[in-house]
Number of protein chains: 2
Amino acid sequence: MGWGDLGAFGEPSKETPNLDQMASEGMLFMDFYTANPLCSPSRAALLTGRLPVRNGFYTTNGHARNAYTPQDIVGGIPDSELLLPELLKKAGYVNKIIGKWHLGHRPQFHPLKHGFDEWFGSPNCHFGPYDNKAVPNIPVYRDWEMIGRYYEDFKIDLKTGEANLTQIYLQEALDFISRQQASQQPFFLYWAIDATHAPVYASKHFLGSSQRGLYGDAIREIDDSIGKILKHLQKLGISENTFVFFTSDNGAALISAPKQGGSNGRFLCGKQTTFEGGMREPAIAWWPGHIPAGGVSHQLGNVMDLFTTSLSLAGLQPPSDRQIDGIDLLPAILQGKLIDRPIFYYRGNEMMAVRVGLYKAHYWTWSNSWEEYSKGIDFCPGQNVSGVTTHTQEEHTTLPLLFHLGRDPGEKYPLSFASEEYQGVMERISAVVQQHKETMVPGVPQLNVCDKAVMVSCVVLRGCACKD
Amino acid sequence: MGWGDLGAFGEPSKETPNLDQMASEGMLFMDFYTANPLCSPSRAALLTGRLPVRNGFYTTNGHARNAYTPQDIVGGIPDSELLLPELLKKAGYVNKIIGKWHLGHRPQFHPLKHGFDEWFGSPNCHFGPYDNKAVPNIPVYRDWEMIGRYYEDFKIDLKTGEANLTQIYLQEALDFISRQQASQQPFFLYWAIDATHAPVYASKHFLGSSQRGLYGDAIREIDDSIGKILKHLQKLGISENTFVFFTSDNGAALISAPKQGGSNGRFLCGKQTTFEGGMREPAIAWWPGHIPAGGVSHQLGNVMDLFTTSLSLAGLQPPSDRQIDGIDLLPAILQGKLIDRPIFYYRGNEMMAVRVGLYKAHYWTWSNSWEEYSKGIDFCPGQNVSGVTTHTQEEHTTLPLLFHLGRDPGEKYPLSFASEEYQGVMERISAVVQQHKETMVPGVPQLNVCDKAVMVSCVVLRGCACKD
């Protein structure tokens, strides 16, 4: 889902009344980011509080290559990583993941081996359908048990876009919450729905309900479900004791537009890129009675902050034996403070860009390769900023391209290298980058065991094939 | 000002708390248009309820040329046109215009000759400064009297962007409202501010107050002023008896970006064009106690509707001796009805496009000429939709380019000519266009007396020069 997909973020069809109400009762984050423009690394960062380059969700056998965990990869989340549910468990929390895990599908990576107590969902995306002999469809698990497969036991109609999955995920969420409330146990629910990921789907009731086509139908169903979850918390009388955060794992996939791709508002490009469209996310915090209603925060936030913030809410300290990139957002959320911190934009093993305050410096630019582009795969359809949305990997490390994201959120007008503003700002940013690079201890890369892990575009290829 | 310039419409800096609150207390229009992508014709349409091609605010000596009223044109609003204040007068309304008139500056076009009782402002834009001998600066009027000139008596500092004009306009508005309330007279106030028009300005207090630079400072000051006007109505106890509508006369001028140009959200191109970015406008209706708070309307609206809606509010009928294009929006605003009506997109004498429902058909495409473009004048910076944002006037009258604005608000993906959807929709649209063209009685063109009226780009040229 992209930054611009919600009414509160300016989507013209304005069809997300529940999320918009969540925002009006809670706090809207306008400057919130993911840790990577692709799903697996972003989710690994969310659950570890660490950049993918630290937690191993990156490649070293291809420069600046995004990578994820396709069906036939051997990598996954290392045992050495401490996941949020593992830590929350120490404070008595019961943890459940509903939906897409995406942190590895081999037995040792099973969510229940990494702190979750319950799981309903799948290790990977709902790509497919596959030939069920050589390439079986993606499995769906209830806890330790595989209970079926997408397309077979959990239907997805690729022709109509109909699938009941979001409704199943919703029911799982409501049931889990009810059980925890009944047993008076604190809980952590990671509701990792995926209806807006190609192949996009919605259940029958929502098909055709949007101005935006199937993608909009999926959004409407998600919006409706979130409304039901929040109302459920209120009905059970635990809303003032439950912190809820809504965000996305990467920008909208513009290669799937217009049929299955969302909106990144006025930001440049989308998923897979380190332009704003690829990594700035819709974000809403909700906690009635604690978060002032109708708040708007310009705190630079990141999915990794949800790790640290959740620990803080549970009265826990983040691990002290490793670098944690996430910060505790509670001062920003509860007291309106602004914490000075940079945002790093990575593709695979390369720091492509960094944001400090309202300034963003690109050290490398790349959209996608000429080879892909010539086949019609376009990460920035209708957008072309000369020298910025490049189709070769362009290095700017000695003279980064600098943008002011307030005056120019679309990254169209690089500042003049000769300007005083450029000089002054780059001095500040260079110090941040130098410190970041000097103290960087990269993790063992998990996603370059086979070139199958070198993501070209799974949305297009429907599962990655080894390229070499 | 562009569609995307308000927080409520997704501007990332979200710096318009007063307009956002106006929206949350009133009704937001997501599909509201101007009648022309340029100022003069748009304002003539607002005040007459008629398309510029009917009321004379167009050219016939240049195909599809936008035109306005520069300092040295002889044309203006014909006496035969009936303006909103002329009609409201019959119902006892006192009418005032504050700010930019732009319907002709020769004596016969004076606002007080066309129904207004009071005027504070100027006949034209605040371009300049000019040589005060050959080309004098733009005059400022109080009613019949010229009381000074911009840059001389009413300062605009082009270097810092400082000008006190919005504050003066605000005070004029508050005073007028107070007087009318005291005398218990119904009133119509046309608050035609222009701080977001290049050269963009803000008063000292607001300079540097925005994330967005000078343009954002101007927006903040406008937002603050509107907050003060609404609070003033409430303080005087007349807010439940006063209908307030906020909108803009054309999309943000992207040629002035990033320093002085605003945002059209995710819509294509900007001012001067008939793409959505040129003509879809931010729009908010406010009338406490009558309009349900927090409403969102997808009614296709147009500035011309404010003519008919205002008459309706005053208990008056629109003139029956001429074609009126504006419709009464009250059923949409008060009862949530959706009235089926088309939107026509004109440039000068040419109907470029038409919207029916969620579909928009382009009969002609054009951004600007290669000649201008080669000089760096770009109406669609960073945007290039092949075959759509053309630099020659491309005719598609036999096979219009068709877009679905719900699935594709950015006008990037024309529907396949061969599709059933195309065939069915174009049948519907063709009937609407045929009826429109057959019944069209064009007015006497006011803006092609001299080529000076043939607008290239006043923002760039700072006043038009005769090209021939």
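Two parts are in contact when they have heavy atoms within 4.5 Å of each other. Keep that in mind as you open this predicted model.

**Before you start**

Residues are numbered from 1 along each chain as its sequence is written, while chains are lettered from A and ligands numbered from 1 in the order in which they are written. In this predicted model, local features need pLDDT of at least 70, side-chain atom pairs count only at pLDDT 80 or more, and totals for chains, interfaces and linings use all residues; side-chain values use heavy atoms, with hydrogens and water left out.

**Stop 1: where chain A meets chain B**

Select both chains and look at the contact, which takes 38 residues from chain A and 38 residues from chain B. About 2800 Å² is buried between them, and carbon and sulfur atoms give 61% of that area. Buried area is the accessible area (1.4 Å probe) that two parts lose on being put together, summed over both. Now pick B:P12, B:Q211 and B:R266: they supply 23% of the area that chain B buries against chain A, more than any other three residues.

Next, show B:E11 and A:R266. They form a salt bridge, with the closest N and O atoms 3.9 Å apart. The term stands for a side-chain nitrogen of Lys or Arg within 4 Å of a carboxyl oxygen of Asp or Glu. Between chain B and chain A the count is two salt bridges.

**Stop 2: two domains in chain A**

Colour chain A by domain: domain 1 covers 3–338 + 445–454, and domain 2 covers 347–438. These bounds come from an automatic or database domain assignment. Taken over C-alpha atoms, the centres of the two domains of chain A are 27 Å apart.

Where they touch, 29 residues of domain 1 of chain A are in contact with 27 residues of domain 2 of chain A. The area buried here is about 2500 Å², with 57% from carbon and sulfur atoms. On the domain 1 side, select A:H63, A:L268 and A:F275, which lose the most area to domain 2 of chain A, together 24% of what that side buries.

Then find A:R355 and A:D31, a salt bridge whose closest N and O atoms are 2.9 Å apart. The count between these two domains of chain A is two salt bridges.

**Stop 3: inside chain B**

Which residues have the most contacts inside the largest nonpolar core? Select B:W101, B:V354, B:Y363, B:L402 and B:I429, in a core of 68 residues. Such a core is a set of buried Ala, Val, Leu, Ile, Met, Phe, Trp, Tyr and Cys residues joined through side-chain atoms within 4.5 Å, where buried means under 20% relative accessible area (1.4 Å probe, protein chains only). This core draws at least three residues from each of domain 1 and domain 2 of chain B.

Finish on B:I429: not counting residues up to four places away in sequence, B:I429 touches B:V354, B:V356, B:Y359, B:A361, B:Y363 and B:L402.

Conventions:
Buried means under 20% relative accessible area, exposed over 50%, partly exposed in between (1.4 Å probe, protein chains only).
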